[in-house]
Amino acid sequence: MRVESACGFDCYDACKIVAKVDEDGLKLEADSSHPYSNSALCRVVNQDMFKAPRITKPMVDGKEVSMSEVLDEVAKVLNSNSLLWRGSGNFGVMQQVTDLIFGKLDAYTTKGTLCDGAGDAGVLEGRGVNKSLSPTQISKADVVVVWGRNITVTNAHLMPYIEGKKLVVIDPVKTPIAKMADLHIAIKPRMDYYLAIMLARFVFMDGCEDSVWCEEFASEYEEFYEYTREHRIKAILEEMGVDLAMMGEIIEYIRGKKVVFLVGNGVQKYSIGSYTLHAIDSLGAVLGLFGKEGCGVDFISNSKLGFDNPFAVKTKQVHKVNTPFERFDTVVVQGGNPAESMPNSNRVRDELSKVTNLIYFGLYENETSKLARIIIPAKNFLEKDDIRLSYGHHYIHKMNKVLECEYGISEYEFTKEIFNRLGFDGLKSEDEYISSWLNQVEFDGDEMVSPAYEEIPYQNGFGEDGDDEFEFIDEFDDDFIDTKRFRKVRKKKQTDEDKLCLITPKATNSINTQFNQHNQAILHPSLGYGDGDMIELISEYGSAKFEVKLSEDVRADCVVLKANTKDVNVLTPDIISEYGDGACYQEVMLEHKRV
């Protein structure tokens, strides 16, 4: 049997896959005919997802029960003071169908995101709408600037599209993609806003702004130049760890060329994340990089743009970043692991342990499932029908069921069973919902694409209707570092110089906290630790011990704790970005000591 489907994991690539099932079992392959999947699948799909221990038995109060009995118990404890907390380890539009239950209950869901909320808010400030950049346009660029995005880990299928380009990488860590670069700028973490502003100022000083494009699409560019002049060059360059020669090198690469900026999630994991993306977009606008072939600024795009979402309901909401779990009688955790993945894990674990009815509806055993009173085994993306959208490209995939699952239940089946038990009406059939998404897609040849897809986005202008101008950044506020020496007037607090900046990138062998975990802290050798030493890292939110791994690829003022590092989020703050309701995982400085 041969079935076409798609990978459901949280990843830019959203690969189209072919599943082959015969007497020898299941084999997954990338669809070689697809323009983006490049005939390769990552090890997470091919290996790790099958090795992880699945939850196979419904449980209530530590005792195995039937699926019918566990659903009866869920229906009994759901009420208007219930919360749905959904994770993002697995993607598929049908996961959102459970929102309909909480809409009927007049209960709670979450707002905001643990991922890209701040950056998305910054993109919207400048462009008005967050459109994806086609990989085809990336392939037509002369120069690719990879800004805080480790493509070989998070976006490997993009690699063929940047082959043969001049490559500039801006990242505190000398990542594998940085080692391939023509120029690597090892910027200090959290200084990306300033680098974008300084580069824009240097572009103006060099006279290489695209004034013709700006006059038509971004007419306030001269006011933006005045804004950049409020920033002091010498002090900012010194703080960033960048000198005038480096700035000149970057300008030389991007002057008069077709340039694409590929911006990663890491640059916006701060309270100022929206300002950072707005500043990078403003730099792109000065260079005239929007609406032209082989040009653009690419961030995590809005995968649902252009769709009418049948699961959109109005509910009461609490923030996802600092969810007050203890307020609720019943909490349904769907496909996530907040006890490990949310910032300020000590608070999260304490509050989850006090929830009377903590319900875990998911695939794998984890820190959250161990705290749950009620456990419901779910189906994975091979065991149900779904639709896969992508925040990394414009292709849409139908996820067809490949395998039967004897013990799990899908999100739609769960919703249908709860609707029946609570006497709710209005739920359509699963086929109707899937068709409602598929009926909205468009086609590029034989491939389904987003209804919002444009081969060259922003050709006619910005905003939802495409008739607005680009809006440059014209303000900035920061309560984390002392910026008085950077601007004319600033009042802020100074962080201790001997503390370490935290960097929390994704890992190659995990999806967020799913699958393989470790306890390594990656440090520069100059800090005096040895490989295998134990180090204690301390923040105002907690402390944890890690095994040291040395690497000269890391700045001496940084520590890298990958997203799958056990207890990394004991250290991280549960503060919310100034705009976008996003998590600020890296908004912290860490003390360190040998154990």
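Colleague: Why does G423 count as exposed?

Modeller: In this predicted model, G423 has a relative accessibility of 60%. The term exposed applies over 50%, so G423 at 60% counts as exposed.

Colleague: Where is the place of G423 in the chain?

Modeller: G423 belongs to the loop between α17 (411-422) and α18 (430-438). Its C-alpha atom is separated from that of F472 by 52 Å, and these two residues are 49 apart along the chain.

Colleague: What makes the radius of gyration of the chain agree with that of a compact globule?

Modeller: For 595 residues, a compact globule would have a radius of gyration near 25 Å. The chain has 24 Å, and therefore the two values agree. Along its principal axes, the C-alpha trace spans about 70 × 60 × 50 Å.

Colleague: How many helices and strands does the chain have?

Modeller: There are 18 helices and 28 strands in the chain. One of the strands, β11, covers residues 259-263.

Colleague: Why is β11 described as largely enclosed by the rest of the structure?

Modeller: Buried means under 20% relative accessible area. Five of the five residues of β11 are buried, so the strand is largely enclosed by the rest of the structure.

Colleague: How do you know that both faces of β11 are covered?

Modeller: In a regular strand, side chains alternate between the two faces of the sheet. On one side of β11 are V259, F261 and V263, and on the other are V260 and L262; all of these are buried.

Colleague: What makes β8 and β11 a pair?

Modeller: Two strands pair if at least two bridges are found between them. Strand β8 (residues 143-147) and β11 have five bridges, so they pair, and they do so in the parallel sense. Within this pairing, V146 has L262 of β11 as its bridge partner.

Colleague: Which strand is joined to β11 by three bridges?

Modeller: That strand is β12 (residues 296-298), and it runs parallel to β11. Here F261 stands opposite V297 of β12.

Colleague: What share of the residues of the whole chain counts as buried?

Modeller: Of the 595 residues, 59% count as buried. The chain exposes about 23300 Å², of which carbon and sulfur atoms supply 44%.

Colleague: What share of the contacts joins residues at least 24 apart in sequence?

Modeller: Among contacts between residues at least 6 apart in sequence, 75% join residues at least 24 apart.

Colleague: How far apart are the mean positions of the positive and negative charges?

Modeller: The mean positions of the 67 positive and 97 negative charges are 4 Å apart.

Terms used. Residues numbered from 1 in each chain as written. Predicted model: local features only at pLDDT ≥ 70, side-chain atom pairs only at ≥ 80, totals over all residues. Heavy atoms only, no water. Helix = DSSP H or I, 4+ residues; strand = E, 2+ residues; numbered from the N terminus. Rg over C-alpha atoms; globule rule 2.2 N^0.38 Å. Buried < 20%, exposed > 50% of the residue type's maximum accessible area, 1.4 Å probe, protein only. Contact = heavy atoms within 4.5 Å. Areas by Shrake-Rupley, 256 points an atom, 1.4 Å probe, with all protein chains shown as cover. Lys, Arg positive; Asp, Glu negative; His and termini not counted. Charge placed at Lys NZ, Arg CZ, Asp CG, Glu CD.
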